[in-house]
Amino acid sequence: MALLIIFTRLRLEEKLLNEAAKRENIPCELRNVTDFYYGGGNFCAPGDVVLARCVSHNQNESVAALLESENVRVVNPSGVMRLCGNKLSTTLALQTAKIPQPNFRIAFTPESALEASRELGFPVVCKPILGSWGRLLAKVNDPEAAEAVLEHKSMLGAMHNVFYIQEYIEKGGFDVRAFVVNGEPICAINRTSEHWITNTARGGRATNFTMDGDVEELLKRTHDTIGGEFLAVDLFNSGGRWLVNEVNDGGEFRNSIEPTGVDIPGAVVRAAWEARVR
Ligand SMILES: Nc1ncnc2c1ncn2[C@@H]1O[C@H](COP(=O)(O)OP(=O)(O)O)[C@@H](O)[C@H]1O
Ligand SMILES: [Mg+2]
């Protein structure tokens with residue numbers, strides 16, 4: 001019985017998770033999934049639990065689904081990955097649970113997307129429904145820019161033919177990235193940037209953010225809606241009101257350990273190891 005950390009590229013995060021498991025006396029193995037193909041023999045022993053850490057969301061979700069079909073417990077479960085990996089699915093789940101989020105519109109042609117943007121009011125933000133690290137996000141300030149961006153998107157193929165448009169939130173130069181392990185908010189960072197995209201992968205600076213009761217409550221409700229052992233939730237403060245922008249399944253946390261002083265990898269491996277008996 002072991003904790004298998006599966007990966008395709010050994011990032012700092014996977015090394016930190018492996019070291020944390022050693023510190024916690026959890027039997028742990030790093031497994032490179034690029035050597036694996038389904039149907040070629042057993043990947044796990046009975047009772048193993050898998051912490052899925054492939055860089056590609058698509059590969060991570062696929063390998064999780066395959067292992068679950070063999071009754072292997074995977075953290076996060078593939079259903080959680082499916083919800084988090086698609087911004088439209090996340091948005092719909094949040095909406096059903098009445099969790100506050102930026103206003104949005106979904107359209108299927110550039111023309112109706114332009115109409116939807118006018119209705120929301122400029123500026124708007126266009127996002128691919130699949131993707132991360134702030135890639136291919138567009139802040140669109142006026143109808144002429146919208147026409148151009150939407151036409152370009154319509155040429156990019158099937159991945160971009162669902163137009164996801166959000167109101168632009170004046171968020172005061174920062175957003176919050178909060179980590180939720182087993183439904184408990186464990187720490188959060190404030191991501192500050194001169195750029196409207198505040199991802200640390202895009203140069204956002206991380207400092208500790210002390211969560212108050214309202215933020216913790218919102219994060220717990222978000223976890224009740226999405227599920228999963230390890231979530232990273234992006235929050236905006238809009239005129240004093242908190243909105244959930246995005247829910248990521250796990251992801252990168254290297255920039256959040258030092259500012260928060262919280263052992264994020266330790267909490268994650270403990271939660272994964274406990275999940276084997278749940
Ligand atoms: N509607 C919005 N209003 C203001 N800023 C936004 C909005 N949407 C995204 N951003 C900025 O862009 C960043 C990345 O957006 P996000 O939706 O989290 O996509 P990704 O999956 O690429 O991280 C956010 O952390 C935030 O700084
Ligand atoms: Mg994000």
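**Figure 1. Centres of domain 1 and domain 2.** The centres of domain 1 and domain 2 are separated by 34 Å, taken over C-alpha atoms. The protein is divided into domain 1 (3-83), domain 2 (104-167) and domain 3 (170-275), with bounds that come from an automatic or database domain assignment. This is a predicted model, in which local features need pLDDT of at least 70 and side-chain atom pairs count only at pLDDT 80 or more, while totals for chains, interfaces and linings use all residues. Residues are numbered from 1 along each chain as its sequence is written, and chains are lettered from A and ligands numbered from 1 in the order in which they are written. The protein has nine helices and 13 strands; helices (H or I, at least four residues) and strands (E, at least two) are DSSP runs, numbered from the N terminus. Along the principal axes, the C-alpha atoms fill a box of roughly 60 × 45 × 30 Å. A compact globule of 278 residues would have a radius of gyration near 19 Å, and the 19 Å of the protein agrees with this. That radius is taken over C-alpha atoms, and the globule rule is 2.2 Å times the number of residues to the power 0.38.

**Figure 2. The surroundings of ligand 1.** The shell around ligand 1 holds 21 residues, of which the closest are Ser132, Gln166, Ile169, Thr198 and Glu246; a residue is near a molecule or strand if its C-beta atom, placed from the backbone, lies within 6 Å of it. Strand 6 (124-127) and strand 13 (241-249) are the elements that give two or more residues to this shell. Because domain 2 (104-167) and domain 3 (170-275) both contribute residues to the shell, ligand 1 lies between them. By residue type, the shell comprises eight nonpolar, seven polar and six charged residues. Here Ala, Val, Leu, Ile, Met, Phe, Trp, Tyr, Cys and Pro count as nonpolar, Asp, Glu, Lys and Arg as charged, and the others, Gly among them, as polar.

Figure 3. Five strands form an open sheet in the order 11-10-9-12-13, with antiparallel pairing; two strands pair if DSSP finds at least two bridges between them. Strand 11 (205-208) and strand 13 stand at the edges with a single partner strand each, so one side of each is left without a neighbour in the sheet. On average, neighbouring strands of this sheet are turned by 30° against each other, direction ignored. Helix 9 (residues 264-275) packs on the sheet and touches strand 9 (174-181), strand 10 and strand 12 (230-238), its direction making about 40° with that of strand 9. Contact requires C-beta atoms, placed from the backbone, within 7 Å. Axes are lines fitted to C-alpha atoms, for helices over the stretch in contact, and angles run from 0 to 180 degrees between N-to-C directions.

Figure 4. Strand 10 (residues 184-192) and strand 11 run antiparallel and are joined by four bridges, with Arg191 opposite Ala206 in strand 11. Eight bridges link strand 9 and strand 10 in the antiparallel sense, and Val180 stands opposite Pro185 in strand 10. The hairpin of these two strands, strand 9 and strand 10, has two residues between the strands, and Asn182 takes a positive phi near 50° in it. Strand 12 and strand 13 also run antiparallel, joined by eight bridges; Phe236 has Leu243 in strand 13 as its bridge partner. In the hairpin of strand 12 and strand 13, with two residues between the strands, Gly239 takes a positive phi near 55°.

Figure 5. An open sheet is formed by four strands in the order 2-1-3-4, with parallel pairing. Strand 2 (28-32) and strand 4 (73-75) are at the edges, each with a single partner strand, so one side of each is left without a neighbour in the sheet. Neighbouring strands of this sheet are turned by 25° against each other on average, direction ignored. Strand 3 (residues 49-52) runs parallel to strand 4 and is joined to it by three bridges; Val50 stands opposite Val74 in strand 4.

Figure 6. Val75 and Asn76 are joined by a cis peptide bond with omega of about -10°, and Asn76 is placed in the loop between strand 4 and helix 3 (78-85). A cis peptide bond also joins Phe122 and Pro123, with omega of about -5°. Pro123 is found in the loop between helix 5 (110-120) and strand 6. Asn25, although not a glycine, has a positive phi of about 55°; this residue lies in the loop between helix 1 (12-23) and strand 2.

Key. Contact = placed C-beta atoms within 7 Å.
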